[in-house]
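Let's go through this model by asking what stands behind each label. Have a look at it first.

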Amino acid sequence: MKIPFVDLQTQYANIASEIIPAVESVMKRGAFILGEEVEAFEEAFAEFCGAKYCVGVGSGCDALLWALKACGIGPGDEVITAANTYIATVLAISYAGARPVLVDCREDSFQIDPSAVRKAVTPRTKAVIPVHLYGQSADMDAIAAIAEEYHLVVIEDAAQAHGAEYRGLRCGKMGRAGCFSFYPGKNLGAYGDGGAIVTDDEEVAGQARMFRNYGQSRKYYHDIVGWNSRLDTMQAAVLGVKLPRLSGWNDARRRHADRYRELLDSAGVIPPSETPGNRHVYHLFVIRSTRRDELLADLSARGIGCGIHYPIPVHLQKAYRDLGYSAGDFPVAERLAAEILSLPIFPELTEEQIEYVCRAVREFVERTHSA
Ligand SMILES: *Cc1c(COP(=O)(O)O)cnc(C)c1O
């Protein structure tokens, strides 16, 4: 059996009859930039998140950059985020001109450690970016308390958490701004790049809207130094077809995660935990194993697509040597980087596929245990 890590082809086959006319309609009208589809999707996605505004942009990385700039973050400011995030979170801070300050994560949830955030605050700290990594919300009550105490802006990196909830609130709705990616493999994915910022703050929405479209307030009137970073009209048409299915897809991911946990119970690997108050949407299903590299090789040889998210924490990446961190600075993030393994998870995953993966994991553990 061959099991892909994500299966976008099966998903497409299921929705092609709606995708094709939606995309064709854009082509027939010959209106390819912003316009009707983008506005309709922005409205629908804002409503989905429970937010007032949504601004569609070119990517998740851009969403973070425009959110930071729209919140007035720039040179001289420090922005705190997690060392185990995807590089894009940190790149956005750099491109805004601010200094990234990294902190460790919690071992139980993989999420940014609020007590580490508190310790990292300096007089220059202006913002914190909690990352809802793997599809589960960060500890937002603790982050909000710290933000209030030190007057920090909270910008959520919700690029892996479309539809995830924390104490009944959707991810993206809890900070000054929430940033999403529509990279094809995300829980809500386009057929190319795309992203969005959601916010209840009219001024942040207005600034983001200008940044994404050359800084113009109206055609050929440029009020700020913006850039070209718009959500593509055809991508918005695709996202408009997919959004009504997102909740059902997230439910399916949650069922698969429960089944994985059942079948991996006392199998010698640590399955991910769902912390209280959270509704995890399992963008990734990340287990831990002390023989991770061997397990990865073994599963790959059996045709099972796996991944490591991420093998090198940001503070040990070459690009960020200048920040002055070294090995040992964030022991939890470093230990996790050596032990984490993402198993296949996508809505269309079948019971048979889950059983095959779990049997392979169990056999590996039994074999290596007795060896
Ligand atoms: C995917 C992702 C991003 C970046 O999104 P792009 O659309 O690829 O630019 C940012 N942060 C996290 C946590 C992500 O997973």
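Q: Where is R167, and what makes R167 count as exposed or buried?
A: R167 sits in the loop between β6 and β7; strands here are DSSP runs (E, at least two residues) and helices are runs of H or I with at least four, numbered from the N terminus. Its relative accessible area is 52%. Exposed means over 50%, buried under 20%, and partly exposed in between, with a 1.4 Å probe and protein chains only. At 52%, R167 is therefore exposed. Its phi is near 45°, a positive value in a residue other than glycine.

A quick note on the ground rules: this is a predicted model, where local features need pLDDT of at least 70 and side-chain atom pairs count only at pLDDT 80 or more, while totals for chains, interfaces and linings use all residues. Residues are numbered from 1 along each chain as its sequence is written, and side-chain values use heavy atoms, with hydrogens and water left out.

Q: What makes β6 and β7 a pair?
A: Two strands pair if DSSP finds at least two bridges between them. β6 (residues 165-166) and β7 have two bridges, in the antiparallel sense, and E165 has R170 in β7 as its bridge partner.

Q: Why are β7 and β12 called edge strands?
A: The open sheet has three strands in the order β7-β6-β12, with antiparallel pairing. β7 (169-170) and β12 (278-279) each have a single partner strand, so one side of each has no neighbour in the sheet.

Q: What about Y282: buried or exposed?
A: Y282 is in the loop between β12 and β13 (285-288). With a relative accessible area of 1%, Y282 is buried. Y282 also has a positive phi of about 45°, although it is not a glycine.

Q: How do you know how many disulfides the structure holds?
A: You look for a pair of cysteine sulfur atoms within 2.5 Å, and the structure holds zero disulfides. For C54, the nearest cysteine sulfur is that of C49, 7.1 Å away. For C179, the nearest is that of C71, 8.4 Å away. C54 is buried, at 3% relative accessible area, and C179 is buried too, at 1%.

Q: Why say that the buried residues of α9 line one face?
A: Buried residues of α9 include W249, A252, H256 and Y260. Seen down the axis, the buried residues of α9 fall within an arc of 155°, so they line one face of the helix; the arc is that of the directions from the helix axis to the C-beta atoms. The face turned away carries the exposed R255 and E262.

Q: What makes A337 buried, and which residues is A337 in contact with?
A: A337, in helix α11 (residues 331-339), has a relative accessible area of 6%, so A337 is buried. Leaving aside neighbours within four places in sequence, A337 is in contact (heavy atoms within 4.5 Å) with R292, I308, Y310, P311 and P313. Y310 lies in the loop between α10 (292-301) and α11, and a cis peptide bond with omega of about 15° joins H309 and Y310.
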